[in-house]
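Visitor: I'm new to this one. Could you put it up and walk me through a few spots?

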Amino acid sequence: MTAAPQPHRAPLMSLDNALSEVLGRVTPLVRTESVATFDADHRVLSTDLVSALHVPPQDNSSMDGYAVRVADVSAKGVVLPVSQRIAAGHAAQPLQPGTCARIFTGAPMPAGADAVVMQEDTREVGGDLHAAHIDAVPAPGQWVRRAGEDVTRGAVVLPRGTRLSPASLGLAAGIGMAHLTVMARPRVALFSTGDELVMPGEVAPEAMKPGAIYNSNRFFLRTLLLRLGCEVSDLGIVPDQRDLTLAALKTAADHHDLILTSGGVSVGEEDHIKPAVQQLGSLDLWQIAMKPGKPFAYGTVRRDAGAGTDAAQPCHFIGLPGNPVSSFVTFLLLVRPFLLKLQGAPVPAWQPVMLPAHFDLPRADKRREFLRVRRNAAGGLDLFPNQSSGVLTSAVWGDGLVDNPAGHTIAHGDTVAYFPFADLLA
Ligand code: AMP
Ligand code: MG
């Protein structure tokens, strides 16, 4: 007996291939703008930031104490007259040999002094800053911060493509930058599809019609986009109708770099996104061998000739699955790298933390799985009991994902690859 012929199904694309396909289609934006350093968190530098000065600008003390010439303190117990007092922000006179200078943290070193003795190793003699009894023999350079030890004049402090962080904003301010030239914000049109969706605030929970659900995806997708520095046009909910889907895509394409949708990219008759994108542009990638997140789509939508200088370039389109966890996970693994590259920032290589599983996963899946897990106090990972792609609680309870290869089971104690959400959301 021969088996009945199976309908031909092309194998799904792997996540790694999908990511390189998507990234291969991104050219970083060329638009730039100047923003106040105060407002530049998470923005991407579009030019190298070069320092016009040394930081610190001159040698200064890193302690409260006395600046001395090491040659004058050959043994403990030397008493040196105090010849000047130097506070932070005030100029110093050259240090007369055989004397010391009262000095405070951040104050410039007087010329001739080559070390600081900290206050705790001294005693005042005679009061009123008359003289100091030096109880320790300083090494040359002790407690002196050298000019330029943080940044040297002419150095590239932050290279082009740096995604600014709180510390890097401090560094930019430290070289005198009140404004920074950064990549323009990607313009993203966001819409959700689904006739079942209602907005919180518009319908009270007790008034929900049968079959209706609240639109969750709109809230986290919008937030994720804003965190990545995007300018979001939130186009709300588009009903499951071909003509309205076409109209929404067409309008959005003209003025955006990316159209991001959720839902409607599966194989059902109510899934209108895929054919609409095919009609208005091209669908280059559809469905990925991952769980959750199979119904992911990438393509482009043509712009109207009247869409200004951008008309020559089609608008990127990414269709995320409707199931909330699928939408969340595919955003982190595919949309985020896309948006980083679009802004000219480096796309970080995924660096898993290898940790022991404190759970069993006896059934292997034929797709690569991203399990919602949480680190426990014993240094292992617990698994959220319900891994359904509709259960958003798993992503809130969890603090990261285990990357489980296709066809793999997991036994308690196995080492697994874990990606903290903190890294994926950074
Ligand atoms: P779809 O991909 O449109 O077939 O949707 C898959 C599942 O996700 C369905 O159960 C939808 O009701 C649900 N879903 C779609 N969009 C959203 C959304 N914006 N918020 C919450 N659930 C959604
Ligand atoms: Mg739908």
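Guide: A term to begin with: helices (H or I, at least four residues) and strands (E, at least two) are DSSP runs, numbered from the N terminus. This is a predicted model, where local features need pLDDT of at least 70, side-chain atom pairs count only at pLDDT 80 or more, and totals for chains, interfaces and linings use all residues. Residues are numbered from 1 along each chain as its sequence is written, chains are lettered from A and ligands numbered from 1 in the order in which they are written, and side-chain values use heavy atoms, with hydrogens and water left out.

Visitor: Ok. Where is Arg218 found?

Guide: Arg218 belongs to helix H3, residues 217-227.

Visitor: Buried or exposed?

Guide: Arg218 is buried, because its relative accessible area is 16%. Buried means under 20%, exposed over 50%, and partly exposed in between (1.4 Å probe, protein chains only).

Visitor: What does Arg218 touch?

Guide: Leaving aside residues up to four places away in sequence, Arg218 touches Leu190, Ser192, Met199, Asp234, Gly236 and Ile237. Contact here means heavy atoms within 4.5 Å.

Visitor: New topic: which residues gather in a patch of negative charge?

Guide: Asp195, Glu196, Glu269 and Glu270, on the surface. Such a patch takes residues with over 30% relative accessible area and no salt bridge, and joins like charges within 9 Å. A salt bridge is a side-chain nitrogen of Lys or Arg within 4 Å of a carboxyl oxygen of Asp or Glu. Asp and Glu count as negative, and the charge is placed at CG of Asp or CD of Glu.

Visitor: Where is Asp195 found, then?

Guide: Asp195 sits in the loop between strand E13 (187-193) and strand E14 (197-198). Asp195 counts as exposed because its relative accessible area is 51%.

Visitor: Which peptide bonds are cis?

Guide: One of them runs from Val55 to Pro56, with omega near -5 degrees. Pro56 lies in the loop between strand E2 (49-50) and strand E3 (60-61). Another runs from Lys291 to Pro292, also with omega near -5 degrees. Pro292 is in the loop between strand E19 (290-291) and strand E20 (297-301).

Visitor: Why point those out?

Guide: Because most peptide bonds are trans, and most residues other than glycine have a negative phi.

Visitor: What about phi of His42?

Guide: Phi of His42 is positive, near 75 degrees. His42 lies in the loop between strand E1 (32-36) and E2, and is partly exposed at 28% relative accessible area.

Visitor: And Gln287?

Guide: Gln287 also has a positive phi, about 75 degrees, without being a glycine. Gln287 lies in the loop between strand E18 (281-286) and E19, and is buried at 14% relative accessibility.

Notes: Patches are made of residues with over 30% relative accessible area and no salt bridge: like charges are joined within 9 Å, nonpolar side chains (Val, Leu, Ile, Met, Phe, Trp, Tyr) within 5 Å. Accessible areas come from the Shrake-Rupley method with a 1.4 Å probe; for residues, only the protein chains shown count as cover.
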